[in-house]
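Please look through the sequence and the model shown here, and then read the short report that follows.

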Amino acid sequence: MIHEQERLRQLCEDHVQLTESVDSLSFLKRMNRCWQDHCRQTIMIRSIFLFLDRTYVLQNSLLPSIWDTGLELFRTHIVSDSGVQKRTVDGILEQIELERSGETVDRSLLRSLLGMLSDLQVYKESFEERFLVETNRLYAAEGQRLMQERDVPEYLHHVARRLEEENDRVISYLDQSTQKPLVYCVEKQLLGEHMTSILQKGEKPSQLLLWFLQAFGGEIVGTPEKDKDMVQELLDYKDKMDNVVHTCFARNESFINSMKEAFEAFINKRPNKPAELIAKYVDSKLRAGNKEATEEELERILDKIMIIFRFIHGKDVFEAFYKKDLAKRLLVGKSASVDAEKSMLSKLKHECGAAFTSKLEGMFKDMELSKDIMIHFKQYTQNQSGPSNIELTVNILTMGYWPSYIPMEVHLPAEMVKLQEVFKVFYLGKHSGRKLQWQPTLGHAVLKTEFKEGKKELQVSLFQTLVLLMFNEGEEFSVEEIRTATGIEEGELKRTLQSLACGKARVLNKNPRGKDVEDGDRFNFNKDFKHKLFRIKINQIQMKETVEEQVSTTERVFQDRQYQIDAAVVRIMKMRKTLSHNLLVSELYNQLKFPVKPGDLKKRIESLIDRDYMERDKDTPTQYHYVA
């Protein structure tokens, strides 16, 4: 048996070889192919001689396994060859240097070759020692050069980027054991060696912290591709820096103030978007179906959000998006907790004053009043002849409190129209002089539906309801036929049809199949629809924000700002009668609660002059007079 194992060893020795005189990268690729082939063939040999490996070898503790024999052979005949080893490590170091200088390299090749050195147990002595020496040399030179060329904030930002890059290398292809000495090396050469110079540049340590926070925070806020995670990253970053200030600086007041100043600066570096995203983040936490947190945890999250919210200058943007999302949560019945909603409202009121939350509070009052109205309406309908098969619930919204919705005339079934008229007579009989305008956008219904599998209830939007009811009257309809019958606007109709025929719960079939709805598509009722639940929610579409919604909400904020600027200018000029341009602008900055550019103020002043609210001085054009 020993003779057989020696023969096998000899055959493997004859096979292990690496020759070829090529350039550095080609050599690395050839080396990697050789290693991969060797591993594959060793596995094949082990499979063939499985009995030998698992019986005879196991019984003889002095004999290595076939896999270990394969590794030893490769190490002996390939890697231990000083020329081969040097070329391999030289090539790897050359690739890493190219990557550090900004070029793209084949990371999978480096990962495979460094994995080979680890498997052969030569990683530390053949690669890591030389790698750390080269790293020291590179960053020593880079630190010396950049300290001369860059100011402190820019330099610290570069150090943070370099540390991130090196940590990424460890994750991508270096052995985990290299991380600690590598990070130590970077910190020593880029920070430790220059700490005196950094401090001698005349800035206090708290000022350096401020610059560092601004640079790093600016990356979080200023990268549109990461908008989805911006708020969570801000919260995590704030927690991390709170811990740093607490642990490293004993909550020193100057460091706390520097941190606040830095957060306020970088969050407002990109106007409006952080405010919008914070409102949407709160919506995701207060929406029904959020199972991430208990009530206590949710309260802690809202408290943390308020800390970030305080830094925002344009709080009117937050209010607009928060109001839009709150309206949907209330009207579509998607609020997770009334207590959590009112807690958030209380926090906003405490932070911004009663004027900020008055409309939001009005929305809650409307919902409570609507419940009382519906109790009386049900009593009223019970006394009417011919009870309806439809149970109608109406929310009476005060127009000034809620987001403005574009009026949309849709074609309701006769029975719905009749019920609307009954409610109108009932309501106006109690509140004469008021005007009702029906708003179908956020209406929803429960439809009783029969499939082959049995009866189901579908929780759908009013638009989905109008589309589905058509299939009581016919087998198949085109997009144009559905549009004509329902009166739903084209873009809204396509979204509605997509939700019914292309989503998870496909209660309609679309022909031809596809993810998007086209003008030529035809639809029929899916009798074979199956679902484990009895009541199926299909109206999540109402909670999703459309691009048009996002744009119109933003535009509405800017329109409101123009009105506020106009009102402030007229108010100031009425009181002061005559004022120079610079003093007027200065007064406006004191009064306005949102960020505004001088150019925008100038446009509003010109507009008011054109509309005869004020006039320029004939002799001094930069002087204005109020026109009574």
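## Aromatic rings

Ring pairs link F377, Y380, F423, F426, Y427 and W438 into a cluster, where rings of Phe, Tyr and Trp (its six-membered ring) pair if their centres lie within 6.5 Å, and planes under 30 degrees apart count as stacked, over 60 as edge-to-face and the rest as tilted. This is a predicted model, in which local features need pLDDT of at least 70 and side-chain atom pairs count only at pLDDT 80 or more, while totals for chains, interfaces and linings use all residues. Residues are numbered from 1 along each chain as its sequence is written, and side-chain values use heavy atoms, with hydrogens and water left out.

The whole structure holds 20 aromatic pairs. One of them joins F127 and F131, which are stacked with 5.2 Å from centre to centre and 20° between the planes. Both of these residues, F127 and F131, are buried, a word that means under 20% relative accessible area, against over 50% for exposed and partly exposed in between (1.4 Å probe, protein chains only). The rings of F423 and Y427 have centres 5.9 Å apart and planes at 15°, so this pair is stacked as well. Because F423 and Y427 are four residues apart in helix 19 (residues 414-430), about one helical turn separates them; helices (H or I, at least four residues) and strands (E, at least two) are DSSP runs, numbered from the N terminus.

## Nonpolar cores

A nonpolar core is a set of buried Ala, Val, Leu, Ile, Met, Phe, Trp, Tyr and Cys residues joined through side-chain atoms within 4.5 Å. The largest one has 101 residues, of which F127, L174, F318, Y322 and M344 touch the most other members, and helix 16 (residues 315-331) gives the most to this core, with nine residues. Leaving aside neighbours within four places in sequence, F318 is in contact (heavy atoms within 4.5 Å) with A275, I278, A279, F309, M344, L348 and F356. A second, separate core of 29 residues includes I488, L493, A505 and V517.

Three strands form an open sheet in the order 1-2-6, with mixed pairing, and two strands pair if DSSP finds at least two bridges between them. Strand 1 (444-451) and strand 6 (535-537) stand at the edges with a single partner strand each, so one side of each is left without a neighbour in the sheet. Strand 2 (residues 454-461) and strand 6 run parallel and are joined by three bridges; within strand 6, R535 is the bridge partner of E457.
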